[in-house]
Amino acid sequence: MGTGGMDEEKIEDIEIALLLEALYRRYHYDFRNYAQASIKRRLRQARERQGVKTFSALQDKLLHDPAAAAAVLRFMTVQVSDFFRDPSYFRAIREKVVPHLRTYPSLKIWIAGCSAGEELHSFAILFREEGLEDRTLFYATDINQAALDTAARGIYPLDRIAAFTENYRLAGGKRSLSDYYTTGYGGAVFDKSLRERVVFSDHSLVTDAVFSEMQLISCRNVMIYFDKPLQDRAVGLFRDSLARGGFLGLGSKESLRFSEHADAFSEFVREEKIYQRRKG
Amino acid sequence: MSGSAARAVAIGASAGAIQALLRILPALPEGFALPVLVVVHLPPGRRSELTTLFGAKCRVPVREAEDKDPVEPGTVTFAPPDYHMLVEVGGTLSLSRDEPVLFSRPSIDVLFESAADAYGAGLVGVVLTGANEDGAQGLRAVAQAGGVTIVQDPATAYARAMPQAALAACRRARVLPLDGIVGAILAAGGR
């Protein structure tokens, strides 16, 4: 058996696989089926922040130092979004999906991977303007508890509000975004009535089960971090969580083309990646 | 060129990118053997016109990446605006909305580093004109993995900062004008 010859790159891949296994067994965070290239990039940054030289050393530290592990896990699961990000998506929801949703006496909407709540608030505002709010229950889930806490507070930095406002306008907003927040605490505080019909929950698309029967699931730019088998798992979860005829919204560069569950859906608004669960 | 057979070409460009790429991409022959992965710095928040523009001028297929698209030989693939584009070891593309790198998303460094992991000595990395320093770290990663590194001659670039930074990070890179870069890419693809 040769002991030399294996290049550093391959050794690093072994270390990463072991580190991910350690995070799963020690903290139940399962990144083992994340897309390798971006998880590797984040882990390199984490390694640098933790001031260690190798992934093996990082593994040692994370196994024995829960505080360091908590910081790294927060970093690995954080995502930043905007209000009404990709305005044309929200315009399509408003103009094409809402007319269908009006036909239901009660609605359950799942924002899967809601991070700090930007998309959740966008939906809450849109549903209020369309008169659907009173019959709707929102489920907002993420694996990052700190992000869920931020979402539940609904306070966002003032320097992001100009971009949010422009998106809101482009998305077909009917009022002024400033109608929904007051300024204070160094930020824009969004009206808590927007969150009255929201259930926040720590839920993992990787390890947890079907949620509830939904009319709409929005899960944008979350599954891009998964490998294909894990994407199949998540899409299967969405299929089983959607009512017949319910809607699934994905990110603008995602699709169900490569999914083993593609047959369960039809394209509803093709260019906005909004799918409908088949009725048959 | 290095002894390893090339398996992919990665190109990064910023200010002046369109003019430079118009010299390179339309020169690729139909049936070109290698995938060509391209990051151009674009403003976020609007649809990119790159596929329309280059689709009309190229003899090879031109597309904008979607998540998990297979890497295709003989195809030009642009990173979409506001996403990083990464190459997975299994030969697919992943997208990410991780933080911008050097104010850039897509980032040349992110593409090059992941492609260097995936292709090792089989990667040809090309840094063209640009006014920032994106691509320098990435090109260094290409060199460290044994790949071929090419930088547009700063004297011929619309904006010099990016090729200069790439050269500073990667001193052994080949320095070529655009015509020379076309020749090197065609040679890597066996033409």
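B:Ala13 touches B:Ala20, B:Leu21, B:Val40, B:Leu128, B:Thr129 and B:Gly130, leaving aside residues up to four places away in sequence. This is a predicted model. B:Ala13 sits in strand β1 (residues 8-13) of chain B. Is B:Ala13 buried or exposed? It counts as buried, because 29 C-beta neighbours fall inside 10 Å. One of its contacts, B:Val40, is 27 residues away along the chain, yet the two C-alpha atoms are separated by 5.1 Å.

**The nonpolar core**

The largest nonpolar core holds 146 residues. Which members touch the most others? They are B:Val9, B:Ala10, B:Met85, B:Leu111, B:Ala115 and B:Ala166. Helix α3 (residues 108-119) of chain B gives this core its largest share, eight residues. B:Met85 has contacts with B:Leu37, B:Val39, B:Ala65, B:Ala79, B:Leu93, B:Leu95, B:Pro106 and B:Leu111, again without residues up to four places away in sequence.

**Helix α6 of chain B**

Helix α6 (residues 178-188) of chain B has buried residues at B:Leu178, B:Ile181, B:Ile185 and B:Ala188. They lie on the same side of α6(B), because they cover an arc of only 80° around the axis. Just after α6(B) comes B:Gly190, with a positive phi of about 80°.

**The seven-stranded sheet of chain A**

In chain A, seven strands form an open sheet in the order β6-β2-β1-β7-β8-β10-β9, with mixed pairing. The twist from one strand to the next averages 20°.

Why is β1(A) described as largely enclosed by the rest of the structure? Six of its six residues are buried, so the rest of the structure largely encloses it. In a regular strand, side chains alternate between the two faces of the sheet. In β1(A), A:Leu107, A:Ile109 and A:Ile111 point one way, while A:Lys108, A:Trp110 and A:Ala112 point the other way; all are buried. β1(A) pairs with β2(A) in the parallel sense, over six bridges. The bridge partner of A:Ile111 in β2(A) is A:Ala140.

Further along the sheet, strand β8 (residues 242-249) and strand β10 (residues 274-277) of chain A pair in the antiparallel sense over three bridges. A:Phe247 stands opposite A:Gln276 in β10(A). Helix α9 (residues 228-241) of chain A packs on the sheet, touching β1 (107-112), β7 (214-218), β8 and β10 of chain A. Its direction makes about 135° with that of β8(A). Helix α7 (residues 145-153) of chain A lies across β2 (136-142) and β6 of chain A, running at about 165° to β6(A).

**The three-stranded sheet of chain A**

Another open sheet in chain A has three strands, in the order β3-β5-β4, with antiparallel pairing. The edges are β3 (155-157) and β4 (181-184) of chain A, and each pairs on one side only. Neighbouring strands here are turned by 30° against each other on average, direction ignored. Three bridges join β3(A) to strand β5 (residues 187-190) of chain A, and the two run antiparallel. A:Tyr156 has A:Ala188 as its bridge partner in β5(A).

**Where the chains meet**

The contact takes 17 residues from chain B and 15 residues from chain A. On the chain B side, β5 (84-87), β6 (93-96) and α3 each supply at least two residues. By class, that side has seven nonpolar, three polar and seven charged residues.

**Backbone exceptions**

Most residues other than glycine have a negative phi, and most peptide bonds are trans.

| Residue | Phi |
|---|---|
| A:Asn221 | about 60° |
| B:Leu102 | near 50° |

A:Asn221 is in the loop between β7 and α9 of chain A. It counts as buried, because it has 24 C-beta neighbours inside 10 Å. B:Leu102 lies in the loop between β6 and α3 of chain B. With 16 other C-beta atoms within 10 Å, B:Leu102 is partly exposed.

B:Pro106 is also found in the loop between β6 and α3 of chain B. A cis peptide bond joins B:Arg105 to B:Pro106, with omega about 10°. B:Pro106 is also one of the contacts of B:Met85.

Notes:
Residues numbered from 1 in each chain as written. Chains lettered and ligands numbered in written order. Predicted model: local features only at pLDDT ≥ 70, side-chain atom pairs only at ≥ 80, totals over all residues. Core = buried A, V, L, I, M, F, W, Y, C linked by C-beta atoms within 7 Å. Buried ≥ 20, exposed ≤ 12 C-beta atoms within 10 Å, placed from the backbone. Helix = DSSP H or I, 4+ residues; strand = E, 2+ residues; numbered from the N terminus. Contact = placed C-beta atoms within 7 Å. Pairing = 2+ DSSP bridges. Axes fitted to C-alpha atoms, helices over the stretch in contact; angles between N-to-C directions. Nonpolar A, V, L, I, M, F, W, Y, C, P; charged D, E, K, R; others polar. Arc of directions from axis to C-beta.
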